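Here is a short report on one protein model. Keep the sequence and the structure open while reading.

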Amino acid sequence: MDDERSQPRLAGPRRIWTPRVKPEAPRRERSLSPAPGETTPHPANASLWEGFLARENLAAALRRVEQNAGAPGIDGMSTKELRPWLHRHWPQVRSALEAGTYRPSPVRRVTIPKPSGATRELGVPTALDRLVQQALLQVLTPVFDPTFADESFGFRPGRSAHGAVQAARRHLDSGAEWVVDLDLDRFFDRVQHDALMARVARRVDDKQVLKLIRGYLEAGVMADGVKQRTGEGTPQGSPLSPLLSNVYLDDLDRELGRRGHRFCRYADDVMIYVGSERAGQRVMEGISTLVEQSLKLRINRDKSAVAWAGKRPFLGFSFFKRKTGWRIAVSREAPKRAKRRLRELTARTWGVPMERRIQAINRFTRGWAAYFSLAEGARPFSDLDQWLRRRLRQVRWKEWKRFSARRRNLRALGIPERPAREWAATRKGPWRTAGSWVLSRSLTDAYWREQGLAGFTDPYRRLRDAERAARCGPACLVAWEGPG
């Protein structure tokens, strides 16, 4: 395959590609004896490298990178600039990949806050490295994913956090109502490179692929302009990191299955379900030893626990028991985290038009409602709606600023002259005023719907109704109109 044919397909009308036949030009074949410094792929996986550099695979990887967007790496090149850059430089990149001289760039270190108040370190690759890693991911996923345990749900095709939570409820309904909640301390920072590569090599014999993967593991981190070597860890933020984490923890899944445990794992969140507290303590000790000695990872003893399942949330959801079985609910911490984000979006210091503010809020609330649509009970959603509308009333009150504007707008919204004057002149703070009867009556729910606010409850109910209709089929569409 020449350089031009292996270049990622660019935007434009779809065309059917037909190979050019050149009888006079003999087809170039890979030498059976490697040149100095090169490696030869294992015959069983000889197509893996070719599949990685195939035009269709690279074009799909480029589309995915552009869709995911994201911040630029250490070179400052954005994903929007990647396609034009490839027009000029892809032949050189491909030649370096084929020759084994391609060197991944260090990732850019970014620190983000965690819900617990701690921080999480992410590694942002360059746009080019994201393309190469995505292309690798697309050929490696069919190799590894079919071998993963059914109890593994994180970052796998056709699986999701909802599937993990529903599996957890099935374990609870089966009588395993105690949970061993394992917290792997800084898992992505502690993965041993040699141990990880040994596990990858169990199913991948292509030495070019293995060399490229190791190159990404050892690319290092750029922090404050200084490159730091990394002897362990798979930086979060790269396309390959989730797959490699599943490869590394697959041994844990297999051992849990061999011992007959009922469990769910989503990335590094591991929940093992047992029948009693005493059994949970035994499992905790045995699995902790396995994790620390065999996987060379650490268990966070402060965060790990053996507890009744109703007291341990999982992926933002909690569980409660009824006579008919266990039910799924929104955890207590989830609305608190949502409010932290909404405070940013409704900050009075963010000087944007209300229309733009509501658009940003809608993107968040619809995503939040979609994720937590698995929960039963609309109370958390309606409580968040009530709190959000008060935040927006506070913003609107500050926008009106002066006495005249406040009185005029209150009158236009149906407030009588006297209370409109009194409240326009109030010295109460914006938050307290936002909870008053006068703003609740003037800036009503209907008012905010007219402004385009989606909120939490309406999207949640629509998703629940759609899910209910999908479960019971056409019968849900029949409305009972009474006798006669």
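Where is Lys296 found? Lys296 sits in the loop between helix 10 (277–293) and strand 8 (305–308). The model is predicted.

Lys296 is not a glycine, yet its phi is positive, near 60 degrees. Ala69 also has a positive phi, about 55 degrees, although it is not a glycine.

Is Ala69 buried, partly exposed or exposed? Its relative accessibility is 34%, so Ala69 counts as partly exposed.

## Overall make-up

The protein chain holds 19 helices and 10 strands. It has 484 residues, and 44% of them count as buried. The accessible surface is about 26800 Å². Carbon and sulfur atoms account for 49% of that surface.

Take the contacts between residues at least 6 apart in sequence: 73% of them join residues at least 24 apart.

## Helix 2

Helix 2 spans residues 55–68, 14 residues in total. From first C-alpha to last, helix 2 reaches 20 Å. That is close to the 20 Å expected at 1.5 Å a residue.

Which residues of helix 2 are buried? They are Asn57, Leu58, Ala59, Ala61, Leu62 and Val65. As background, an α-helix has 3.6 residues a turn, so residues three or four places apart point the same way.

The largest nonpolar core has 66 residues. Phe52, Leu97 and Leu140 touch the most other members. Helix 4 (residues 127–144) supplies the largest share of this core, 11 residues. A second, separate core has 56 residues, including Ala168, Trp400, Leu410 and Val438. In soluble globular proteins, nonpolar side chains tend to be buried together.

What does Leu97 touch, not counting residues up to four places away in sequence? The partners are Trp49, Phe52, Leu53, Trp90, Tyr102, Val132 and Leu212.

## Ser442

Ser442 is found in helix 17 (residues 437–442). Its relative accessible area is 5%. The cut-off for buried is under 20%, so Ser442 is buried.

The side chain of Ser442 reaches the backbone oxygen of Leu439 at 3.4 Å. Neighbours within four places in sequence aside, Ser442 is in contact with Leu410, Leu413, Ile415 and Tyr447.

Conventions:
Residues numbered from 1 in each chain as written. Predicted model: local features only at pLDDT ≥ 70, side-chain atom pairs only at ≥ 80, totals over all residues. Heavy atoms only, no water. Core = buried A, V, L, I, M, F, W, Y, C linked by side-chain atoms within 4.5 Å. Buried < 20%, exposed > 50% of the residue type's maximum accessible area, 1.4 Å probe, protein only. Helix = DSSP H or I, 4+ residues; strand = E, 2+ residues; numbered from the N terminus. Contact = heavy atoms within 4.5 Å. Polar contact = N/O pair within 3.5 Å; in protein donor to acceptor, adjacent residues only side chain to side chain. Areas by Shrake-Rupley, 256 points an atom, 1.4 Å probe, with all protein chains shown as cover. Expected span 1.5 Å × (residues − 1).
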